[in-house]
Amino acid sequence: MSAEPNEGKWSARIGALRDATPLLREASARAERLKRLEDHLREHEAEYAAALNADLGKSETEAWLTEIGFIIGQSRYARRHLREWMRPRRVSLPAVARPGRGRVVPTPLGVVCVIAPWNYPLHLALAPVVAAVAAGNTVVVKPSELAPRTADLIASHLPTVLGTDICEVVTGGAEITSALLQERFDHIFYTGGGRVGRIVMEAASRHLTPVTLELGGRSPAIVCADADLSVSARRIVWGKFVNAGQTCVAPDHVLVEREVADRLISLIGDEIEAAFGADASTSPDYGRIVNTHHVDRLTALIRDSGASAVIGGQVDRDARYIAPTVLVEPDASSSVLADEIFGPVLPIVVVEDLDAELTMLTKGPTPLALYVFTGSDERARKVLELVPSGGAVVNHTLLHLAVHELPFGGKGESGHGSYHGRAGFDRLSHLRSVLQRPTRPDPRIAYPPYGRVAQRLLRRLTG
Ligand code: NAD
């Protein structure tokens with residue numbers, strides 16, 4: 001006999017949130033809540049920027065571009081397109097279902113649980129919330145305990161801003177998240193590492209709850225010999241060192257063709273200095289590592305890399321500072337080339353035969369992002385065709401996230417399910433099929449017993 005999974009201490013609250021979903025039936029109600037969120041973020045921008053600075057040393061500009069402004073933009077875009085997204089989508093009918101009307105009607109799922117990581121602690125907690133509310137759901141949000149200042153702000157503001165009738169915030173560490181996962185939600189939207197992703201999926205299976213997993217992985221930047229090297233270097237440096245490398249879609253490492261490797265390495269060194277000065281610890285635009293555990297992990301990666309040359313490499317453990325660091329040709333068996341780095345350390349792997357290297361890439365876990373730098377559309381097309389990834393950008397890094405209508409998500413080890421813009425709305429909606437038929441005509445011949453004529457007719461109308 002199979003036992004029903006236990007529901008825990010939040011079940012009554014989650015039940016109330018589920019009962020509240022009719023409050024968001026109309027587009028105007030959803031838009032109103034989203035507008036409140038935007039107004040709140042604008043009014044309290046300085047407060048959020050200070051929290052992000054305390055947690056991750058984010059500059060005001062980065063806090064706006066990648067967190068506060070990003071959410072405002074996502075929310076405004078959702079508000080503007082809400083009516084269009086909510087509209088039933090007509091489908092054409094096969095002869096056997098005519099006359100009639102076929103529609104796909106997006107309906108809310110119910111209560112969406114959002115579990116967020118620490119690296120973009122506001123963005124990654126609120127972007128799924130925007131999608132969830134746009135789709136008419138209520139939400140339970142669990143911010144990351146590793147970005148405590150931002151988590152506290154989210155906990156103290158979000159329920160009142162969105163309305164306590166549709167939003168709950170739960171704070172705490174792994175134990176609390178585990179307890180929360182005992183509950184029955186209608187969708188769990190998890191962003192973070194694959195280890196916890198597996199725990200989330202296992203817990204969700206007990207209630208048959210659907211999940212979206214936004215995970216990470218080693219996203220390579222591939223620089224072909226025909227690339228515009230100076231622009232490539234600038235864009236790789238920007239994508240790698242924003243948020244001190246703690247970005248799920250940061251270029252993890254560079255694969256560069258031998259003939260242009262020296263030039264690219266020297267340009268990357270120049271670009272680091274141009275962006276952050278000779279001593280990045282004094283740059284207002286350079287962030288800090290989230291905690292000393294990660295400082296120690298990254299320090300060991302640099303120390304044990306066996307690189308033939310190192311740019312940067314300075315560490316100040318107490319200040320949680322690691323300089324923008326480039327590791328030239330690390331040892332092939334070093335840890336820095338094995339796992340996702342998730343910090344300001346950029347290994348450069350020089351390749352003799354790029355095609356052979358790409359074939360190797362296809363055998364590993366699917367990365368969240370793939371970056372290809374080349375002057376040739378044909379070359380870019382071939383690389384994209386060969387190497388799978390969650391998303392891809394040709395001749396830039398990270399920027400696909402800024403395009404509302406490009407679904408953002410992983411594949412395989414980098415996760416499943418996409419969001420942003422309409423993809424987020426669809427992901428957190430149930431796309432309900434509705435077929436409506438008139439009662440007349442209703443020819444008796446279409447029902448059993450089937451005579452020879454009916455058989456012939458039905459065979460012609462179907463298949
Ligand atoms: P994290 O440690 O903050 O964990 C994320 C969430 O999981 C937190 O809310 C935490 O409370 C919870 N958690 C931690 N341990 C748990 C446990 N044992 N049981 C249940 N819940 C638990 O974040 P992280 O995992 O260090 O995040 C970094 C990873 O996230 C990287 O791999 C990165 O690539 C990935 N990431 C992916 C995206 C994306 O959009 N795809 C974005 C950011 C980060």
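How many residues of domain 1 are in contact with how many residues of domain 2? I began with this question and found 28 residues of domain 1 in contact with 26 residues of domain 2, where contact means heavy atoms within 4.5 Å.

**Ground rules.** I note that this is a predicted model, in which local features need pLDDT of at least 70, side-chain atom pairs count only at pLDDT 80 or more, and totals for chains, interfaces and linings use all residues. Residues are numbered from 1 along each chain as its sequence is written, and side-chain values use heavy atoms, with hydrogens and water left out.

**Domains.** I looked up the division of the protein and found domain 1 (11-215 + 412-432) and domain 2 (220-409), with bounds that come from an automatic or database domain assignment. The centres of domain 1 and domain 2, taken over C-alpha atoms, are separated by 30 Å.

**Second largest pocket.** I next turned to the second largest pocket, for which I noted a volume of about 620 Å³. For the terms, a 1 Å grid is laid over the protein atoms alone; a pocket is an open set of points with protein on both sides within 12 Å along at least five of seven lines, a cavity is a set of points where a 1.4 Å probe fits but cannot get out, and lining residues have an atom within 4 Å of a point. Grid points are joined across faces, edges and corners, and a volume is the space filled by probe spheres set on the points.

Of the 28 residues that line the second largest pocket, Leu65, Thr66, Trp238, Val242 and Leu398 are the closest to its centre. I found that helix 4 (60-86), helix 5 (123-134), helix 9 (229-241) and helix 10 (258-276) are the elements giving two or more residues to this lining, and that helix 4 supplies the largest share, seven residues. Helices (H or I, at least four residues) and strands (E, at least two) are DSSP runs, numbered from the N terminus. Domain 1 and domain 2 each contribute at least three residues to the lining of the second largest pocket. By class, I recorded 18 nonpolar, six polar and four charged residues in that lining; Ala, Val, Leu, Ile, Met, Phe, Trp, Tyr, Cys and Pro count as nonpolar, Asp, Glu, Lys and Arg as charged, and the others, Gly among them, as polar.

**Cavities.** I counted three cavities of 30 Å³ or more, and the largest cavity has a volume of about 70 Å³. Its lining consists of Gln74, Tyr77, Ala78, Trp85, Ala127, Val130, Ala131, Ala134, His420 and Gly421, with helix 4 and helix 5 each supplying at least two residues. The lining of the largest cavity divides into seven nonpolar, three polar and no charged residues.

**Helix 4 against helix 5.** I then looked up how these two helices pack, and found that the axes of helix 4 and helix 5 come within 9 Å and cross at roughly 10 degrees. Axes are lines fitted to C-alpha atoms, for helices over the stretch in contact, and angles run from 0 to 180 degrees between N-to-C directions. The crossing makes helix 4 roughly parallel to helix 5, since angles under 35 degrees count as roughly parallel, over 145 as roughly antiparallel, 65 to 115 as roughly perpendicular and the rest as oblique. On the helix 4 side the contact is made by Thr66, Glu67, Phe70, Ile71, Gln74, Ser75, Ala78 and Leu82, and on the helix 5 side by His123, Leu126, Ala127, Val130 and Ala134.

**Helix 12 against helix 13.** For helix 12 (residues 354-363) and helix 13 (residues 377-386), I noted axes that come within 9 Å and cross at roughly 30 degrees, which makes helix 12 roughly parallel to helix 13. Here Leu354, Asp355, Leu358, Thr359 and Thr362 in helix 12 meet Arg379, Val383 and Leu386 in helix 13.

**Backbone.** I found a cis peptide bond joining arginine 98 and proline 99, with omega about -5 degrees; proline 99 is in the loop between strand 1 (89-91) and strand 2 (101-108). The peptide bond from proline 448 to proline 449 is also cis, with omega near 0 degrees.
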